[in-house]
Every structure is written in C-alpha cells, then in structure tokens.
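User: Please take a close look at one part of this structure: the charged side chains and how they pair. Keep it brisk.

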Amino acid sequence: MELEPSLSAMVGSCNGLVCCLVKGKSSLERDAIYICNPVIEEYVYLPTLTYNKACNGYFYYGFGYHHSTDEYKVVRIYYGEVEVYTLGSGQGWRHKGRTEHRLDYISGVCANGYLHWIQYRKNEIVAFHLADEESRLIPFPPISMIRSYKVVYLQLMFGGYLCAVHMDVGEEDIIVNVWALGKKKKFNRSYDTGEHAFNDFWGWNKKFSIPCAKEE
C-alpha cells in the first residue's frame, strides 16, 4: 500500500523501519500505531486500543529490535498496564502485567536490547528488556545538582550508545552535558539488577559539555 497516514508522533526507528502514531478516529480510540518502511513506501497498522475516557492515566510507547531473538517489538504502557506486540508473530498484543513506574516522555529509546524511559522526578532509568520482557532500574549518570535547574532526556547516538543529555540551567547560562552509557569490558550479558552489580559492568562517561549563553 502507498504511505498515506497522517503522522501524529514518532515512537522510534530501527534498521530502516519507523514506528509512528496517528490520531484515533473516535474519542474513545487511542492513537493508532503503524510500522512503515519509507524506502518501499509500505506500512502496516497494529490493532488499536479502545479505552474508557473516564479513566485517568498516561500512555507511553517504545519500538525496538533484539538481535538474540531476531524480533521487532512494540511496547505500549497505558494506565500502568504493559502490552507487547511482536511483529510477524500473529499473536497480537500480549499483556505483560502492570508497572508502578511513572515515566517521563512518551517514547522510549532503544539501545543494548532495552527500551529506556526516565522515571518521572527520580534519578533512575526504567529499562525494559526486549528479550525477556522484564523491566530493570538503572542509575542516572553522576549529574551535578549544584545549580538551580536541570532537564534530562535520552537519545541514541555515538555509534549506538544510550546517551543522557543534561541541560544544566543557571541564572545566566545553560550548560549542555552529554553522557554515554558503555561497557567497562567485553561481555555478553544484560543489565544486572542492583546498582552495585550494574556499576561493575557498565559506566556513564561524559562525552562533552557545551556552554550556552541565555537570550536576553
């Protein structure tokens, strides 16, 4: 089919595939998710979610690929409920239980076989493993809390590394710090649970800082 849906937001991209949201057709239909291949201009819709608009909650999404299972997966979190859709499986959305984590930003960042979201107002990152479909908490980089205000968001850069972009806002200037998460040595293992176990194998390194003057 030709590519024609109206883009609402991008969930993520991986190996040439792009996952997007488009607006639902009714007030009770959550934004539809579709996967597209821009090169050949084809797309496929995933089953939409119909929900009770009287409920209060937040929606979060993620899209990624795990090499060990050779699978592409979409994760949808709504009102604390976690669902996973595996492309090509024919199983539809699978319910994976509930999460009490309140996340920041709508879309997760895929790296190291995980989808990552910042936990709202906490110095932690929620990492959802795309193979075993379980969540872990991993620590933030050692960000300075001395100055007045901070903004942190996640990006994928530097050869596939997960990066935390820290905007440190002072009274007169802004300093943008970029931290990259990397392995301390070669190994084939996922994030270990517990901060001490994680720090034995993984580490945050500051790549650079950019001072910026505030506009008058």
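Analyst: Start with a term: buried means under 20% relative accessible area, exposed means over 50%, and partly exposed lies in between (1.4 Å probe, protein chains only). This is a predicted model: local features need pLDDT of at least 70, side-chain atom pairs count only at pLDDT 80 or more, and totals for chains, interfaces and linings use all residues. Residues are numbered from 1 along each chain as its sequence is written, and side-chain values use heavy atoms, leaving out hydrogens and water.

Now the pairs. The structure holds seven salt bridges (a side-chain nitrogen of Lys or Arg within 4 Å of a carboxyl oxygen of Asp or Glu). Look for Lys73 and Glu133. They form one of these bridges, with their closest N and O atoms 2.7 Å apart. Lys73 belongs to strand E6, residues 71-78, while Glu133 is in the loop between E11 and strand E12 (135-139), so this bridge ties together parts that are 60 residues apart in sequence. Strands here are DSSP runs (E, at least two residues), numbered from the N terminus.

Are these two partners buried or exposed? Lys73 has 4% relative accessibility, so it counts as buried. Glu133 has a relative accessible area of 7%, so it is buried as well.

Stay with Glu133. It also forms a salt bridge with Lys96, and here the closest N and O atoms are 3.1 Å apart. Again, distant parts of the chain are linked: Glu133 sits in the loop between E11 and E12, Lys96 in strand E8, 37 residues apart. Lys96 has a relative accessibility of 33%, so it counts as partly exposed. Salt bridges that share partners join five residues: Glu71, Lys73, Arg94, Lys96 and Glu133.

Arg98 and Glu81 meet through their side chains, at 2.6 Å from N to O. Arg98 is in strand E8 (residues 93-98) and Glu81 is in strand E7 (residues 81-86). The two are 17 residues apart, and the pair links distant parts of the chain.

The charged end of Arg76 sits over the ring of Trp93, 3.8 Å from the ring centre. The test is CZ of Arg, or NZ of Lys, within 6 Å of the ring centre and within 35 degrees of the ring normal.

Technical notes: Helices (H or I, at least four residues) and strands (E, at least two) are DSSP runs, numbered from the N terminus.
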